[in-house]
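Please open the model in a viewer and keep a selection tool ready.

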Amino acid sequence: MQNSHIERKIVFNPEYRLKADIDRVILMSSDRNRSFFRFIHPMYAVLFSIFKGNKTLPESLLEINKLFDISEDKAMNVISVFIENEKDVTTEYDGQYFSFPKKILLYHDDHFVREDISCNQYILDPPYNFKRIRFSIPNSVLLIVNLSCVTDCIYCYANREKKYTPLPTDRILQIIDEAKSMQIENFDISGGELFLHKDWQIILKSLLTNGFFPYISIKIPLTKTMIDTLYDMGIKEIQISLDSLNPDIQFNNLNVNGSYTEKMKKSLQYIDSKEIKMIIKGTHTRYTLTPENIGEVIRFLKTLKNVKRYMISLIGVTLYKPINEYHAIKPETRQTNEIMGYINDERKNSYFEIVFDNQNINKSDICNYTEFKERSLCSGNVDGFVILPDGNVTICEELYWSEHFIIGNVAESSIRDVWKSEKAINLWNLQQNDFPDSNPCSSCQDFDNCRKGKGVCWKMVVKGYGWNNYLHLDPRCPKAPELEYDICF
């Protein structure tokens, strides 16, 4: 250890958070846009919580010596691998191996102190469980407040035909309070349109008062009064859907009148004047994925000062419109290649980030061992759930009211009871005898690692095989049957 570092303070990297989860501690990203977590022994969490950023290395070693009753030399051997580590680190403790990301502990010279970590939080009684993927307490909740919209998008992903009785606002506020008491990390709200809910201000204020910073996504032109209210509440960032600035295209794609586009422009300009950061997202069909259309949007965004990111997304298959309509309006491969080249040039001259987001399924992804092995974790019913406008709880936003995926109802039950409900547990803890003999899952040797590991993308299964075949394999699995619906881009 260099002598020049001895008197510098050390902090547990602010990019990471620690959360006690009954029988283990979760190490996760502080950036909610990064899906990352690992289960670690409580001892490591206690160790890391010493490094709040207010002590030098010798002071920290002395505290470790008192807390763990080990020599300072041994303490140094333990923590040295975590100080400014450039690569992932794997260590062994109590017969278990644990993996940690890079730069766990950092040197710093400012006055920053982490108040969110303390040793007592992470002193948990054994036995521990580091294998179970599902969280003991949900980490995130998404509340869909309504299905009301100012647009009628030709690519809409919502179940707009459902009739429901909305949750009373008083009950929504109780749910927010319960989420706070359970130390749920994220509580987001969406629609439809949040701003078409009569009590949107009351709901949003309650979230902020309880320490939640909800992710807000809109497609409605906001009035100056609405924007002033958001500013006064302390909202720092908002996502705004903007597919085009051409009124004719917007009329065809969104079924909106001619004044919609101009109102959106004025809304963005006023949001910009309040210095609220904006993430602009365009969801594109073959009619909007052109250099002319996207170029016009980029030129307008460059006149603003507070655009954080411009996301160019492609439409995907929706469960609530005929599959042939998707194929009629999806962009062509030629268009995606052309746009990728175009935005690569635009990135050089834009102060904001430009992201091309294509999560569609290609034919080459189907029954592809590599694609399936490297798939993202399905977080539905693993670290959170979705509350529908009537209080029913589903595991995925796009699955809405499908009986196969409803795990409870917060109109009549608590968040905790829904999370621990028999339906929720059984859906995550599927057994091989739950599958018919004709289904390869019933005899697959990798069943537990697959279904209770990264899981399957339930919405992709339903899109590919239909609602009644929700227990079919993920289409990317090498053993998956032939698709019944052509969901490929």
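Begin by selecting Trp458, which counts as buried because its relative accessible area is 10% (buried means under 20% relative accessible area, exposed over 50%, partly exposed in between, with a 1.4 Å probe and protein chains only). This is a predicted model, in which local features need pLDDT of at least 70 and side-chain atom pairs count only at pLDDT 80 or more, while totals for chains, interfaces and linings use all residues. Residues are numbered from 1 along each chain as its sequence is written, and side-chain values use heavy atoms, with hydrogens and water left out.

Phe405 and Trp458 form an edge-to-face aromatic pair, 5.3 Å centre to centre with 65° between the planes. Rings of Phe, Tyr and Trp (its six-membered ring) pair if their centres lie within 6.5 Å; planes under 30 degrees apart count as stacked, over 60 as edge-to-face and the rest as tilted. The pair links distant parts of the chain, 53 residues apart: Phe405 lies in the loop between strands E17 (392-394) and E18 (406-409), and Trp458 in helix H16 (residues 458-465). Helices (H or I, at least four residues) and strands (E, at least two) are DSSP runs, numbered from the N terminus.

By this ring rule the count comes to 29 aromatic pairs. Select Phe48 and Phe82 for another edge-to-face pair, at 5.1 Å centre to centre and 85° between the planes. Phe48 is in helix H1 (residues 42-49), whereas Phe82 is in the loop between helix H3 (72-79) and strand E6 (89-93). Phe48 is buried at 0% relative accessibility, and Phe82 is buried at 1%. Ring pairs join both residues into a cluster whose members include Tyr44, Tyr93 and Phe130.

Now turn to strand E12 (residues 237-241): four of its five residues are buried, so the strand is largely enclosed by the rest of the structure. Two bridges join E12 to the parallel strand E11 (residues 217-218); strands pair if DSSP finds at least two bridges between them. Ser217 stands opposite Gln239 in E12. Parallel strand E13 (residues 277-284) is joined to E12 by five bridges, and there Ser241 stands opposite Lys281.

Finally, select Arg134 and Trp419: the charged end of Arg134 sits over the ring of Trp419, 3.8 Å from its centre. A charge sits over a ring if NZ of Lys or CZ of Arg is within 6 Å of the ring centre and within 35 degrees of the ring normal.
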